[in-house]
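Thank you all for coming.

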Amino acid sequence: MDTIDIDKKEVLRYLGYKNQILDYKTDKLIENCIFEIQKLAEPKYIYSLFKVTGRENTISLDNGLIELKGNAISNHLRNSEDCVLLAVTLGNFIDTKIRYYEKTDMTRALILDACATAYVEQVCDMVCNLIKKEDILKNKSLTYRFSPGYGDLPLDIQKSFLGVLAAEKNIGLTASSNNILLPRKSVTAVIGVVEGNCKHNAKSCLNCNKNRDCMYKKEV
Amino acid sequence: MGLKERLKDGFIIFDGAMGTMLQNTGLKTGELPEVLNIRDKQKIIDIHKKYLDAGAMVITTNTFGANEIKLKTSGISVEEVIDAAVLNAKEAIDGRNAYVALDIGPIGELLKPMGTLSFESAYDVFKRQIVQGVKSGVDVILIETMTDLYEAKAAILAAKENSDLPIFFTMSFEKSGRTFTGCSAKAMVLTVQGLGVDALGINCSLGPIEMEPIVNEILELSNIPVMIQPNAGIPCMCNGKTEYKITPSEFAQCIKGFAEKGARILGGCCGTTDKHIKLVSDIIKNIKVKEIENKSISSVCTPTKVVFVDKVRVIGERINPTGKKLFKEALKKGDLDYIIREAVSQVEAGADILDVNVGLPEIDEEETMVKVIEEIQSILDVPLQIDSNNPKVIEKALRIYNGKAIVNSVNGEDEILDNVLPIVKKYGAAVVGLTLDSKGIPKSAEERFKIAEKIVRKAESYGINRSDIYIDCLTLTAAAQQKEVKETLKALTLVKEKLNVKTVLGVSNVSFGLPNRGLLNRTFLAAALATGLDLPIINPMDISMIDVINAFKVLWFQDENCENYVNVYKNSSQEMTKSALDKNNHNLFEIIERGIKEEARSETLKLLESEMPLDIINKHIIPALDFVGDKYEKGDIFLPQLIQSAETVRSAFSVIKEKIEKTSECQVLKGKIILATVKGDIHDIGKNIVKVLLESYGFEVIDLGKDVSKETIIQEAIKNDVQLVGLSALMTTTVCNMEDTIIYLKENCPNCKVMVGGAVLNETYAKSIGADFYAKDAKESVSISQKFFS
């Protein structure tokens, strides 16, 4: 996979930046870290298309192996006949390097962590653009990415989610017994396929249950 | 004929994929194929039969994921699945001359430090599979598709310690030549061959064409039979389905090539079917078996770094409490950060290997050794030399070490040789042999040589390769035994010439008790290198010693084209002038405010010449910190800027601490706080930010790390008499463990208060789980602590 640019604005948002004076030293450090993450990351992805079968609070997929429970996901997929399950990871090296800097240079660890978070989202965007080009998706569009743990979609589907994508074998992505994705900088997400152009369903901080006190909230 | 005999002079044909055959008959990705051993056993038996008909001599049980973690929700036990699977395989064989391999794949969860599963739990998971496999009567254990060397080690140890069966082992590599977790093929060969498997190799992930460079690498290094099970090409997604493109005949041609080069055990992985195996088994009949040469290669490794002792390699000596007050203090307090800093700076200074010695009478050496090794290997890839004279400590260390280590040391005493060498052999380590015995260090070179000879003989009798023995001819002190200093170098020459082993030597002892020690050390080092010393044990922070080695490597043609030398020294004259120009004019307040960590040390040292440590803290550091903290709270600066200032303060503090330790005139610390990320949670960057801030404000932080059990927290709170515990959790799923910890803490240490923080918490939530304080960010944890201890 080619290297993908990292949006510095996003990195700053993850660092809690609110238009303070960005001194030269910190600014350079962020640029360094962006460069370092692009070298360290080994982005890998896997996705698969499924038919949405169940409704009403529980979405089933046509392979019969996973159920997506909750109002939020039902709402997310309300206009979708099909959906994509996606898993993306940046690999283990970033985790090791962040651990290293946590012992030697905490500022760098903090910034590197934010860069990796921004990067994995951008890799997801890139993969979504690839998915859109699939023949079966002609004249259709994709909703935003909805991940286990958002709203009332339980986190404990993580293992079966990875299972149906054989994500461990294909991209080396696993979940711990507490459903934490490992390597750490990874994403799993459900994306709805909808007819025509989809604009009504953009991702927004307003729908999040941390909306009131989140330091990463996007200013509208 | 048993499998082991067949391995000596013939090829062994394995079967191809089980999963692919099952998917062809309707198995969906994500379904557990192991369940079919019981629910649809005829299907499994039929697949085995197809492979046997195609010519497979060994068939692999349908138990790849039959471990307790993957079967957790299936309702079937590991034992039931494995027993049924072995029965199916035996039924398929039905009297034919073929063998059953117990298939063992990865657990499916990552081990520490990448994940949360402990090494010993992983061992137990594998043990359960192996015990049942042996009971059900398999002929060989196949550990395959591993991507993590540490997990592989747990599986191999479980197999070795719970069966006498042959063990075949394969890992899956990406095109890059590394596994998902970064393990290289070389590191795999060196490590698992040392652990005593019967065959090793590569499977899955790649097709036979992409695999070739990695197969070559493995064949070049391996002293044992090599096993190859490629996929039928690189999988590609076509209309949402995985397809493999290589035809059976192309596949067989590639396998033929591998067999001619020396691979011995051949089969297929994903995408291969009985058709592939049939052609492989036909094509192999006309190939002559290639003998396996014994390659004598001295090396040590971690999963991501292999160090060949083919030129001078530096062993860093700093992780050792002997004669170091601060180091001893750190060991007693369990301050691993201090030790880690020693490790990091040695690697940065150019050490290739680190010696690890934590022997101190007041501490539990075994426990500390394990902690230190785990901590080092969680952030650094440098290979380690385990330095202890206690066989128990050595064994514990070798067990949890990830890779191939060196043991330091044995000597000519029979009791020590007989106690330590079997451990070295079992874990596949290299070993340092000191040329001394119960009578002490012999004066003459010849006598030292005799001891070396004995050590080599003994080690070889235990099955240790000569290339894994490093002889130390022992440096004597010129001030006390001037005449014998030269004998060391004479002995070194004898050992190199007559025994053909590598040598190791601690150098700095030579100058003890004399002025200008550096000069003697450098001169002795140069002489020893010229005599043939391979592994100098030195302080790599001493640049002049590294200079000698860099120069030596040029003169002895170990640094081709002087590449390293030029790299290191090309700018040396300019840099001197530059750093002289850069001389700062900032005072400590400004240095802290701007977060210029590099300047904090020298400025603090300068201040210490004229001011008392406490005055520096109160008049310079605290006002600067308050100023910065205030700016952060007002939103004038953001988190990275605050942390830079805090880290700057920390390095100023460490200078002050050193000074105080020397004079022990006063106590500067404001109070002890335990910090931990709760059980199950491994997001600890937030906790670490809190730690940096608290330390910069002068609190003593006992950092218990991440994924910490409530028992450990209580134990440490009681042991260290701690009144304030900070807990962090970042997931809704781990907040329950936080609540659990708080309840347990209140029961067992009623005087202990708890402050909590983490993304999913808020004030109300924190109160509802019983926390005394809620810190919305790192800065607030400081305010809480200041109030608490005032």
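**From one strand pair to the chain contact**

Let me start with Phe169(B), which stands opposite Leu200(B) in strand 6 of chain B. Strand 6, residues 199-203, runs parallel to strand 5, residues 167-171, of chain B, and four bridges join the two; strands here are DSSP runs of E with at least two residues, helices are runs of H or I with at least four, and both are numbered from the N terminus.

Before going further, a word on what we are looking at. This is a predicted model, in which local features need pLDDT of at least 70 and side-chain atom pairs count only at pLDDT 80 or more, while totals for chains, interfaces and linings use all residues. Residues are numbered from 1 along each chain as its sequence is written, and chains are lettered from A and ligands numbered from 1 in the order in which they are written.

Pro235(B) lies in the loop between strand 7 (226-229) and strand 8 (236-238) of chain B. Is Pro235(B) buried or exposed? Pro235(B) is buried, because 20 other C-beta atoms lie within 10 Å, and the cut-offs are 20 or more for buried, 12 or fewer for exposed and partly exposed in between, with C-beta atoms placed from the backbone. Leaving aside residues up to four places away in sequence, Pro235(B) touches Thr242(B), Glu243(B), Tyr244(B), Cys270(B) and Gly271(B), contact meaning that the C-beta atoms, placed from the backbone, lie within 7 Å.

For chain B as a whole, 53% of the 790 residues count as buried, and there are 32 helices and 25 strands. The C-alpha atoms of chain B fill a box of roughly 90 × 75 × 50 Å along the principal axes.

Finally, the contact between the chains takes 42 residues from chain A and 43 residues from chain B. On the side of chain A that touches chain B, the largest share, nine residues, comes from helix 4 of chain A.

Conventions. Contact = placed C-beta atoms within 7 Å. Pairing = 2+ DSSP bridges.
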